[in-house]
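The entries below follow the order in which I looked.

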Amino acid sequence: MKSFNHVYTSLEELESFILNHDIATSSNVLVQVFSGLIDEMKLLNMCNSIKNIIPQVHIIGTTSAGEINEGKMLDKSITISFSTFDSTKIKSKLYENISESDCAKDIINDLVEDDTKVLIVFSDGLKSNGEEFIKAITKLQKNLIISGGRAGDNYTFSKTFIFDGITTSENGFVVASLSGKELIANTDYVLNWEKLGIPMVVTKAEKNILYEINNTPIVEIYKKYLGDEVSLSLPEAAVEFPFILKRGLIDVARAPVALLEDNSLLFGGNIEVGEELSFAFGNVEVIQEKNRKKFKDIQSLPIESIFIYSCSVRKYLLGKELESELELFNQVAPTVGYFTYGEFFHSSNKNELLNITSTYLFLSESDKVQKRIVQDTLKTPKKTNSLKVLSHLVSTTSQELIKAQDILNETQSIVEVGSWEIDLETNNIWWSDETYKIFQVEKNTFDVNYESVLSLIYPEDRELVDMAVSMCIESNIDLNVEHRVLLKSNEYKIVKALGKVRRDSQGNAIALIGTTKNITERKNTEKELTTLKDIAISSEQSKSEFLANMSHEIRTPLNAIVGFIDLLESMETESKKLEYLSVVKESSKNLLGIINDILDMSKIASGKLLVESIPLNIKEVVDSVYNLYSVAADNKGIQLQYDFSTEVPKFILGDPLRIKQVLSNLMSNAIKFTNENGLVEFNVDYGESDLIIKVSDNGIGIDTQKLKIIFDSFSQADSSVSRKYGGTGLGLNISKALSKLMGGDLSAVSNYGEGSTFKFTIKAIETKNDTEDVENLESISEEDVKYSGKVLVAEDNKTNQLLISILLDDLGLDYHLVINGKEAVDICKIEEFDLILMDINMPIMNGIEALHAIRNDEDILESMKVVPIMALTANAIKGDKEKFMKEGMNGYVSKPIDIELLISELNKFLPRV
């Protein structure tokens with residue numbers, strides 16, 4: 001590519017310039033026009049002449065606040081840049097009277113191709129919002145370089161416009177896109193303003209209008225820090241002291257361009273509420289030195305043309321000093337550009353609207369780096385005349401720092417925290433005022449050194465403190481030690497010291513800084529907390545008892561629901577009704593599962609849940625879970641991979657029920673949260689006496705932040721999960737607790753959208769024999785068996801009475817119903833039965849009381865004192881069966897009634913017909 005730059009004087013000279021440089025013969029020509037003249041007709045006539053000579057040309061133009069040509073600064077000229085490209089494709093278009101977001105979308109659709117490298121954008125300088133445009137286009141195409149700037153009008157702030165050679169617009173954007181594989185584009189920028197004073201916070205702003213900083217009107221901020229002269233001459237007087245704020249990896253400057261009627265200030269770019277900003281000052285000497293370094297960096301780039309879009313404020317502040325910077329760049333390649341009211345810049349996959357900067361766009365169609373002999377044109381700067389304002393800023397800032405120190409001292413006094421520093425090079429120690437108060441020594445009389453400080457520490461604690469300080473310095477372990485301070489009254493305080501080492505750039509320890517807090521009152525309070533803890537434990541026990549009672553109350557109606565569903569299923573033949581019954585039955589089972597989860601959680605919290613350690617065939621246990629969920633996986637179209645390592649012992653000591661409970665939860669979740677045609681992997685391994693089971697899926701995954709709470713009670717990775725997939729959020733909490741009770745743990749790793757892996761471990765000691773006593777239940781339905789005998793049923797719930805009556809009728813049994821334990825005892829005095837089914841929770845006399853009365857009452861028939869009594873109850877917490885059997889029950893069936901379990905129990909006591 002080649003660039004030719006021309007300062008317009010007449011149409012004849014322009015035509016001659018184009019012909020002499022053979023520009024019209026190129027098929028890819030971009031023209032940029034920078035005009036200090038606000039004369040629309042003259043500019044359009046000139047553009048029309050260019051088009052007559054170069055029909056294939058693309059023209060983009062803007063009014064300016066000064067022009068740059070071949071390293072020189074111009075005013076009120078028309079500077080024209082002609083760029084010819086060998087292989088780069090050019091597109092251009094003007095967009096006017098359109099929102100910034102819509103404009104961005106149209107530009108991407110109209111001008112951007114797969115190999116587009118650069119967009120050169122000129123916008124008007126007073127009406128459109130350049131920052132909103134930058135945000136919109138970056139959101140759509142963040143890797144695209146945006147260069148250019150906002151139109152100027154020589155500081156009159158009355159009329160700016162952009163044009164495309166045919167049309168001008170006072171509210172719009174004119175854009176040229178450069179596309180091609182051979183095109184090489186690089187950008188850079190120069191700010192070099194020095195931050196001054198303490199950071200401040202924006203408390204009221206709207207886009208590029210700033211109202212308040214630190215809850216103070218913006219004009220008052222200028223008055224406070226820069227003085228009356230500046231505040232009375234805004235915005236012009238403030239350009240030497242812009243605000244600097246951080247945007248990503250770069251510092252961004254903001255200068256005011258207009259004082260509005262409500263005393264707010266209009267800035268060249270947006271400033272957001274909550275952003276921190278500081279005043280800055282442009283020291284010419286520092287700026288020039290940094291420019292030299294910047295220039296050395298760019299000499300290693302392939303450059304054939306340089307386009308400079310620089311803020312008009314830099315021209316105003318630096319004057320001819322800036323021209324020496326421009327001349328330096330002009331020695332590398334042809335240089336052209338203009339002074340803007342805001343510059344578009346690209347850095348680190350992000351575009352920004354800058355102020356008070358010089359931005360550079362370096363273009364080349366060759367990757368060859370030219371070797372150049374460059375003469376340093378940067379001049380020694382002259383003295384600036386801003387010391388009065390600078391002095392005011394420094395004075396005010398110093399006063400605020402003193403005030404901040406006073407507030408810090410007061411705060412330390414309130415919370416009884418002192419600060420300190422040990423200079424490790426000089427061994428000098430500095431204490432804050434509160435540190436002296438904590439140690440109860442006088443600031444003016446106590447010589448603070450390491451030995452004297454140790455002497456104030458309780459004798460038995462001195463070695464501990466000395467060791468902690470040494471480890472902090474030598475091993476880079478943060479200081480964290482509690483110790484006693486010996487007071488003059490021979491009493492003592494308890495304090496907590498925290499600290500860390502400060503190191504230099506080479507990693508050498510240069511200081512130990514930290515805090516000392518008086519925790520005497522806290523330590524005294526801890527004794528009281530012990531009593532409160534006991535109260536909390538008692539409260540937890542009460543909660544567990546409440547949950548157990550609620551479980552019974554819920555299971556009682558559930559028994560009737562599940563029982564009658566079973567009966568209706570056996571009687572129904574219509575498929576649709578059977579489908580509905582199946583849904584109701586499944587919902588009942590889910591409700592029962594939730595009840596069991598809540599009870600498990602309660603018992604874990606109160607420390608009452610115990611796990612067994614019995615010999616078991618671990619493969620059979622794991623296989624049973626795998627086989628159960630392989631069906632669910634098949635139904636959902638999920639591939640289920642199962643790997644059981646040969647290293648796993650055949651028999652181990654463990655709790656088969658709880659192992660199945662945890663594995664069922666993990667497998668259920670994996671299948672639930674994996675989409676159709678997904679993959680779930682189930683791997684079992686053994687190492688160092690640990691059984692290691694991993695369940696992995698490629699499902700929806702869990703966000704990193706949410707991963708921290710998934711093991712908490714009633715927690716889901718996302719509240720929407722419970723709505724879409726169901727669940728209480730108890731399963732993982734209970735599973736983790738069970739894992740720890742079995743000597744292991746449950747953990748998870750996940751990437752959102754990619755899947756999750758849960759790792760379940762337990763202590764699993766190998767054993768030689770499988771002695772697990774498994775009760776073999778007969779797989780037989782009530783329709784296949786009949787019994788003879790007479791049964792007494794003690795049940796207070798009418799619905800359950802009806803259900804049990806139907807079950808016993810179907811089993812061929814005679815029966816008699818009573819509604820409490822007392823009636824059961826009374827009838828046993830006059831009538832004989834072959835079996836008693838006894839509810840536990842009943843009014844007047846409960847089941848256990850009735851059991852003892854029947855066994856021991858002298859008036860009970862002798863035959864009834866030994867009759868089998870079976871608990872038929874909703875008390876179904878683990879351990880209830882054993883408790884009732886110990887009381888003297890001969891059998892146990894929980895509600896909701898499992899027909900097969902009931903038949904198995906009846907087989908023990910009644911003859912079949």
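I looked up I693 and found it opposite F760 in β38. Strand β36 (residues 690-697) and strand β38 (residues 755-763) run antiparallel and are joined by 8 bridges; strands count as paired if DSSP finds at least two bridges between them. I took helices (H or I, at least four residues) and strands (E, at least two) as DSSP runs, numbered from the N terminus.

I note that this is a predicted model, in which local features need pLDDT of at least 70, side-chain atom pairs count only at pLDDT 80 or more, and totals for chains, interfaces and linings use all residues. Residues are numbered from 1 along each chain as its sequence is written, and side-chain values use heavy atoms, with hydrogens and water left out.

I then traced the open sheet of 5 strands, which has mixed pairing and the order β33-β35-β36-β38-β37. Its edge strands, β33 (639-644) and β37 (745-751), each pair on one side only. Neighbouring strands are turned by 10° against each other on average, direction ignored; angles run from 0 to 180 degrees between N-to-C directions, and axes are lines fitted to C-alpha atoms, for helices over the stretch in contact.

Next I checked the helices on this sheet. Helix α16 (residues 618-636) touches β33, β35 (679-687) and β36, contact meaning heavy atoms within 4.5 Å. The direction of α16 makes about 170° with that of β33. Helix α17 (residues 656-672) lies across β33, β35, β36, β37 and β38, and runs at about 175° to β38.

Last, I recorded that helix α3 (residues 100-111) packs with helix α4 (residues 130-140) at about 40°, their axes 8 Å apart.
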